[in-house]
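Please examine the arrangement of secondary structure and the chain contacts in the model below.

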Amino acid sequence: MSDTAIRVENVSMMFNLSREREERLKEYVINLLKHKLFFDEFWALRDISFEVKKGGTLGIVGTNGSGKTTLLRLVAGIMKPTKGTVYTEGSIAPLFAMGTGFDGSLTAKENIFLVGALHGYSKSYMKKRFDEIIEFAELQDFVDVPVKNFSSGMTSRLAFAIATLVQTDILIADEVLAVGDAKFRKKSEERMANMRSNGATVLFVSHSSGQVRRICQDAIWLDHGKLVMAGPSAEVCAAYDEFCKQ
Amino acid sequence: MTSFENELKYFGFLKEIVKRDIRRKYYQSVLGVLWTVLNPLLTMLVMAIIFSTLFRRNIENYPIYLLCGQLMYNFINGAGRNGLGAITGNAGYIRIVYIPKYIFVLSKVVVAFVDLLFSLVALIIVMIFTGAPITWNLLALPVLFVLAFMFALGWAFIFATYGTFLRDLQHLYGIFSMLWMWVSAIFYPLSIIPPTYRFLFDLNPALHYITIMRAICQEGVMPDEKSLVIATCYSVLMLIMGISVFRSKENKFLLYI
């Protein structure tokens, strides 16, 4: 057992933009004829290395398209890096801004069991914790309403309540707190602080350097896939804010 | 946690998405899951009215002949069609957590299989009504279903893989299904096929499963060894092929969804 929760070593991630667009047979054939198939590389991340100790909190700041979400996906194990290695220890609870895993046509109740199963919780366990989830998400009156009729705040509250249901070793949060109102934001920050004091490691991504400053001890700043700066969150955020003002 | 327990963890999720797919299929329909029984019954009725005068002399108990072909074909063809959307349709999950992707393909085949099991009710009803031989040989059906499931799973793996990269396959599959249906001898007796074209039918894996099912349900006999051996070979080969194709490409799916 080491005291490192996340270790990212010389990680680079390359996407082949031309290959991603070949959804149609016609385009595929045209590209094949033009010999364009294997070009147009895009490096979303280049040679990133960092380490997070157990119980540590690392914030990631950067502008849109700087590679923050790609980095989180690599740590969560959803993607494999083109180069380098990602090492994590313990269970991971991911919370992504781009999707909650909810199925719009199903009710909140059905979705809780579905997403609970997705995170690997058994049905009997979810039944036991069901009321608690609903209460935390403040959705008592909407249990049997299809999620497609929910506001974005309601959806993200529910997603947060499920993902943080149990104490995990690593919590990955991608701008999740940005959507809720001030009251819920406070509640969710409290819950994250709680998990942290119980030994969870937190990887947190946000546009808002204010939140990163408040939640994280350390931070890294990404720009166009490169690591610009790493250090205590106050310093990194100050530099990032300065950069954004320009 | 051992790796087996780790896999087991995902079976809870498998159960949930199978339930979701079934629920979604009958979303807001009054009769709900009863349609899986009614649908083959009604189709059989229509087909029986149209074709029974044509082939009356050639086929004994035409309704059962028809149902066996139809149910088996629907299962295998449905597994492939469902498989096409297994990855793209579950993009929402694949984007946010790590989960073994074969679970999604497996779930689609299970959904098609549940349909098959429900339709068996229709088959049993018709068997009783038409006085088909109900024998101990019916106990061979589970063996056939295991073989057909293996084949369908391999088949679905292949379409799940290429369907993710090439969305056109969804449209092509409809045309292919139609052709496949006609070379599966569902509505007509194989004896009307000129010998020159018979090899086309022998090459069709679905027909072997259908023939075995007909032997069991329509004739009430044990399927002959030759057809069982051929069907087993098709099942094993298709499953191995499907798994290897899927595994070689599954890490690229995320970029295409």
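The questions and answers below treat a sheet, a helix and an interface. This is a predicted model, in which local features need pLDDT of at least 70 and side-chain atom pairs count only at pLDDT 80 or more, while totals for chains, interfaces and linings use all residues. Residues are numbered from 1 along each chain as its sequence is written, and chains are lettered from A and ligands numbered from 1 in the order in which they are written.

Q: In which sense do S3 and S7 of chain A pair?
A: Thr57(A) of the pair stands opposite Val202(A) in S7(A). Over 4 bridges, S3 (residues 57-61) and S7 (residues 201-205) of chain A pair in a sense that is parallel.

Q: Is helix H9 of chain B largely enclosed or exposed?
A: A residue is buried if 20 or more other C-beta atoms, placed from the backbone, lie within 10 Å of its own, exposed if 12 or fewer, and partly exposed in between. Since 14 of the 15 residues of H9(B) are buried, the helix is largely enclosed.

Q: How many residues of chain A are in contact with chain B?
A: Contact requires C-beta atoms, placed from the backbone, within 7 Å. Helix H4 (residues 108-118) of chain A gives the largest share of this side, 4 residues. Chain B takes part with 21 residues, and chain A with 26.

Technical notes
Two strands pair if DSSP finds at least two bridges between them. Helices (H or I, at least four residues) and strands (E, at least two) are DSSP runs, numbered from the N terminus. Two residues are in contact if their C-beta atoms, placed from the backbone, lie within 7 Å.
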